[in-house]
Amino acid sequence: MRAGLSRDPEKADSGAFAVVGFLIVMEFGSGLLQGWYPPLLASIGEAHDVSAAALNWVNVIFLLTSVAFVPIIAKLGDIYGHRRMLVVAAALVAVGSLFVALAPTFGLLLAGRVLQAPLIAFLPLEFAIVRDRDQETAGRNIAYLVGSLTAGVLVGGLVSGAMMTTLENLTLVLLVPAVMMLVCVPTARFLVRETVARSRATVDWKGAILLASGLLALLSGVSNGNSLGWSDPLIVMLIVGGTVVLVVWVLVERRVTDPLVDFAVMARGRLVLPVVIAALIGAQIFGSQAPTALFMRSDPDVYGFGLGVSASFAGTLLAVNAAGAFLGSTLSDRTARASARHHAIALGAVLTACAYTLMIVVPASAPVFAVYLFLQGFGIGILVGLVPAVIVDRAPSDSVGIASGIYNTSRTGAGSIAGAIFALVMSSMLTTVDVGGVDKTVSSLGSYHAVWATCAAICVAIAVLALFLNTDHRRRDVDTSETDVRDSVGL
């Protein structure tokens with residue numbers, strides 16, 4: 001009990017239960033929103049008349065801006081209060097969700113996705129809140145939060161697809177996440193008690209601006225190079241300028257006291273190899289999401305390929321993928337104990353590579369494709385269940401939080417880069433089809449195969465790199481169990 005507070009223990013316990021329960025529901029909503037959009041991508045493309053390649057930016061812009069948003073919001077929580085920043089983050093996500101639902105143009109829809117990026121900061125803020133309330137039960141409550149996030153992703157894909165098939169009204173379906181987040185804002189403000197711990201660290205605004213602007217310029221140049229021409233002055237300026245800004249960002253980060261990404265911590269804790277593996281994991285997970293979802297919705301009678309499933313059935317297939325990831329992450333610790341952690345990571349990568357390969361070489365109906373998706377999800381689950389534990393295990397004892405931030409930043413940053421590159425691939429490999437008597441240029445089957453082949457190659461690289469991980473390296477002053485550490489990092 002804190003000084004100056006006199007509370008009845010039973011009331012305190014019930015209050016803590018109510019707060020944790022709300023945070024679990026809120027994190028379920030976060031997962032629901034993250035799983036909400038993939039089954040709707042084809043419908044969004046039709047509503048705004050944009051190509052499959054352009055639709056990659058629905059996911060890319062969200063991941064890209066989260067790279068800058070998340071560490072800033074998390075640090076502001078340490079400085080000004082985690083409850084306060086959770087309310088601010090939820091409000092931004094609610095406004096962004098309204099933009100996405102009501103946007104008259106595709107550009108405004110992408111602006112809404114930018115405002116939704118603070119969603120990824122919910123989890124670290126909630127971790128701090130439950131730890132502040134009761135350190136003894138924090139590990140268990142964190143596990144509940146992570147599990148609720150995974151369940152939300154699974155349910156989100158199912159519900160959004162089913163609603164789209166039933167209502168056939170994209171705006172109404174997209175409004176659901178907005179209403180949900182609007183309810184969370186006042187509830188979090190009045191139900192959750194503010195944390196008391198405060199950090200004296202400063203926010204690396206310069207680093208955040210440099211990282212975000214450098215990535216945005218570079219990725220904009222790469223993704224539009226094919227349509228405007230690689231020798232176009234604007235494309236050259238974006239690519240060269242973005243690269244220069246990112247180099248400056250690295251130099252700045254090595255000099256500031258509280259950097260956005262602490263490269264010194266990576267060197268001290270031998271984190272370079274596991275962070276590279278984490279980046280590769282993010283590249284194939286996030287980079288393949290939009291193309292795979294679009295392939296499932298493509299009508300083979302029109303395009304000559306695809307599964308031709310409804311939005312509802314696409315949501316079911318994505319839920320199968322999420323279920324595989326949930327099972328893989330749940331069993332990852334047992335898999336590691338059965339052999340060794342680096343062997344288990346290699347196994348997860350090989351299983352995922354096999355799934356991508358089957359998508360290419362063994363064309364299948366929707367039920368068989370679901371098997372591929374489950375296998376892919378299971379392999380990814382093993383990876384996301386074990387690699388964060390390696391990173392946290394190697395981090396210096398006073399820098400576990402920073403190491404967690406590096407893990408999240410590397411995953412989402414690599415995912416946004418991969419998404420932009422895959423958008424370029426899909427806009428470069430085109431074919432013409434007859435849609436209702438009108439010739440229409442669309443991404444070819446070869447473009448989807450190129451994306452999956454690249455992801456399979458990335459997974460093979462992960463498997464090879466995993467064999468070089470020194471799993472005997474341990475911090476001697478670990479004060480939490482491996483399971484709690486893995487849970488605290490998040491999926």
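Throughout these legends, contact means heavy atoms within 4.5 Å. The model is predicted, so local features need pLDDT of at least 70 and side-chain atom pairs count only at pLDDT 80 or more, whereas totals for chains, interfaces and linings use all residues. Residues are numbered from 1 along each chain as its sequence is written, and side-chain values use heavy atoms, with hydrogens and water left out.

View 1. Thr 292 is placed in helix 12; helices (H or I, at least four residues) and strands (E, at least two) are DSSP runs numbered from the N terminus. With residues up to four places away in sequence not counted, Thr 292 touches Phe 369, Leu 373 and Trp 452. Thr 292 counts as buried because its relative accessibility is 5%; buried means under 20% relative accessible area, exposed over 50% and partly exposed in between (1.4 Å probe, protein chains only).

**View 2. Ala 279 of helix 12.** Helix 12 also holds Ala 279. This residue touches Ser 410 and Ala 414, residues up to four places away in sequence being left out of the count. Ala 279 and Ile 462 are 183 residues apart along the chain, and their C-alpha atoms are separated by 9.8 Å.

**View 3. Packing of helix 2 against helix 12.** Two packed helices are described by the angle between their axes and the distance between the axes. Helix 2 (residues 41-48) packs with helix 12 (residues 272-297) at an angle of about 80 degrees, and their axes are 8 Å apart. Helix 2 is therefore roughly perpendicular to helix 12. Angles under 35 degrees count as roughly parallel, over 145 as roughly antiparallel, 65 to 115 as roughly perpendicular and the rest as oblique. Axes are lines fitted to C-alpha atoms, for helices over the stretch in contact, and angles run from 0 to 180 degrees between N-to-C directions. Helix 2 contributes Leu 41, Ala 42 and Ser 43 to the contact, and helix 12 contributes Ala 290, Ala 293, Leu 294 and Arg 297. The residues of this contact comprise five nonpolar, one polar and one charged; Ala, Val, Leu, Ile, Met, Phe, Trp, Tyr, Cys and Pro count as nonpolar, Asp, Glu, Lys and Arg as charged, and the others, Gly among them, as polar.

**View 4. His 48 of helix 2.** His 48 lies in helix 2 and is buried, its relative accessible area being 18%. Apart from residues up to four places away in sequence, His 48 touches Ala 103, Pro 104, Thr 105, Phe 106 and Leu 109.

**View 5. Thr 171 of helix 8.** Thr 171 belongs to helix 8 and counts as partly exposed, at 35% relative accessibility. Neighbours within four places in sequence aside, Thr 171 is in contact with Ala 101 and Leu 102. The C-alpha atoms of Thr 171 and Ile 44 are separated by 9.6 Å, although the two residues are 127 residues apart along the chain.

**View 6. The salt bridge between Arg 83 and Glu 194.** The structure holds one salt bridge, defined as a side-chain nitrogen of Lys or Arg within 4 Å of a carboxyl oxygen of Asp or Glu. Arg 83 pairs with Glu 194, their closest N and O atoms being 3.9 Å apart. The pair links distant parts of the chain, 111 residues apart: Arg 83 is in helix 4 (residues 82-102), and Glu 194 is in the loop between helix 8 (170-191) and helix 9 (205-228). Both Arg 83 and Glu 194 are buried.
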